[in-house]
Amino acid sequence: MVAEERKLFDVEDGVLGLHHSCCFTISITFLLSILVFANRTDAYDPLDPNGNITITWDVMSWTPDGYVAVVKMQNFQMYRHIMSPGWTLGWVWPKKEVIWSMVGAQTTDQGDCSRFKGNIPHCCRKDPTVVDFLPGVPYNQQIANCCKGGVLASWGQNPPNAVSAFQVSVGQAGTSNKTVRLPKNFTLSAPGPGYTCGPAKNVKPSIFLSPDGRRKTQALMTWNITCTYSQMLAQRYPTCCVSFSTFYNDTITPCPNCACGCKNNSTCVNSDSPLLTKPGINTPRKDNTPLLQCTRHMCPVRVHWHVKLNYQKYWRVKIAITNFNYRMNYTDWTLVVQHPNLNNVTQVFSFSYKPLLPYGSINDTAMFYGIKYYNDLLMEAGPQGNIQSELLLEKDAQTFTFKQGWAFPRKVYFNGDECMLPPLDAYPYLPNIAPVKVTRKVLTFLAPITVLICLLNFV
């Protein structure tokens, strides 16, 4: 990266000497963050109104004391995926059901099976917790779409990998459509909180086609469970923030102070700390506790939007994503941006691009993600912990302007979580008057005219 670009994107603690009305700005920013995120307790996402994870429970056959079912989990969220260590699914049995066996997944706790003699069930808990198998398990323990370590891609990025499945043999349950009782109190962790699952509902039995497509079969019984995501339930603070800069203003607007929580020396380290040379410092924790670089915003991820160039018919934007978490690599990351000029994207450099049309006719939202084996992995904090791209956008003469912050995005999401934007009054502003450049030729021309005017004033 050349020196100018390094200066442009290094907007952290005091590097560029940015000064604010400190106390007032911090107070206003904090209040705005509360107001913005306080109404996110529901699971409605305006940029993905139909996004959810649907769990389909298909009863495929009856057994002497129960049934065999295939449980399929489909991620219909356009840009929110489930990363490692993967999903965890739980429920509560309505009666005294047990799990005799499983294929493609396993429960984390067998429970008390002491009442059984001889054949011991796989799980006797009333509230089993199921996790996906890791890749590489023996073939006799696999079924289609299983064994991905719980990783589930987003529907907009990779539909074939947005599905996970396992088979379960349930005993001491009903043996007909009238006697089977649906499990209740479903929970989904991915891997932490954030998802809320509704009750299981009987639906029309699933239809299956044979490999040659000439024969249809159907499940004996099917029920669906719908799980939706709420960012407010997932974490107390945002997980990313946005900073701005432009070619027409030297001011660089950094992320808001304390955007993702305030500095805590017990959970962050300075970039030059000797602790970072300790072996295993980058190893993720089981609970995904981050180790952040100490910054004013304290966000794991920063997205920087730079208005780079202005042409007659086009304008150019540079996007940089920086990771400040020393314990997290973001695999198959996604970035979603809402801006009115995204309906005229001419070219995207270094990122994959897909327009999102949640409302059909309105094309102002785009999803960006990495190119496979090139930049689909955002490395942990450090020299390699950033990725960049540029956008070339065609101007619309009716709407395009650099005034009043129009050139900056309305919403930014990273990995499905909305990022904290700077306050509107901190955006880089467009200068009202351009400086006049006076050349020597102009001065030579104006000098005699000025002398003549002075002489006429004395006549």
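These questions and answers walk through some aromatic pairs and selected residues of a predicted model.

User: How many aromatic pairs does a search of the whole structure find?
Analyst: A pair of aromatic rings is described by the distance of the centres and the angle of the planes. The search covers the whole structure, and its count of aromatic pairs is 27.

User: Is the aromatic pair of Trp57 and Trp93 stacked or edge-to-face?
Analyst: The ring centres of Trp57 and Trp93 are 6.3 Å apart. Planes over 60 degrees apart count as edge-to-face.

User: What is the angle between the planes of Phe244 and Tyr427?
Analyst: Phe244 and Tyr427 form an aromatic pair with centres 4.9 Å apart. The pair is edge-to-face, and the angle between its planes is 75 degrees.

User: Where in the chain is Tyr427, the partner of Phe244?
Analyst: Phe244 is in strand 14 (residues 240-246). Tyr427 is 183 residues away, so the pair links distant parts of the chain. Tyr427 sits in the loop between strand 27 (417-418) and helix 4 (440-458).

User: Is Tyr427 buried or exposed?
Analyst: The relative accessibility of Tyr427 is 12%. Buried means under 20%. Tyr427 therefore counts as buried.

User: Which backbone oxygen does the side chain of Asn249 reach?
Analyst: Asn249 is in the loop between strand 14 and strand 15 (268-269). Its side chain reaches the backbone nitrogen of Thr251 at 2.8 Å. Leaving aside neighbours within four places in sequence, Asn249 is in contact with Pro428 and Tyr429. The backbone oxygen, reached at 2.8 Å, belongs to Tyr429.

User: What distance separates the C-alpha atoms of Arg327 and Thr283?
Analyst: Arg327 lies in the loop between strand 18 (314-323) and strand 19 (330-331). Beyond its neighbours within four places in sequence, Arg327 has contacts that include Thr283 and Pro284. Arg327 and Thr283 are 44 residues apart along the chain, and their C-alpha atoms are separated by 5.8 Å.

User: Over the ring of which residue does the charged end of Lys372 sit?
Analyst: The charged end of Lys372 is 5.7 Å from the ring centre. A charge over a ring must be within 6 Å of that centre. The ring belongs to Tyr373.

Terms used. Residues are numbered from 1 along each chain as its sequence is written. This is a predicted model: local features need pLDDT of at least 70, side-chain atom pairs count only at pLDDT 80 or more; totals for chains, interfaces and linings use all residues. Side-chain values use heavy atoms; hydrogens and water are left out. Helices (H or I, at least four residues) and strands (E, at least two) are DSSP runs, numbered from the N terminus. Contact means heavy atoms within 4.5 Å. Rings of Phe, Tyr and Trp (its six-membered ring) pair if their centres lie within 6.5 Å; planes under 30 degrees apart count as stacked, over 60 as edge-to-face and the rest as tilted. Buried means under 20% relative accessible area, exposed over 50%, partly exposed in between (1.4 Å probe, protein chains only). A charge sits over a ring if NZ of Lys or CZ of Arg is within 6 Å of the ring centre and within 35 degrees of the ring normal. A polar contact is a pair of N or O atoms within 3.5 Å; within protein, one must be able to donate a hydrogen and the other to accept it, and residues adjacent in sequence count only if both atoms are side-chain atoms.
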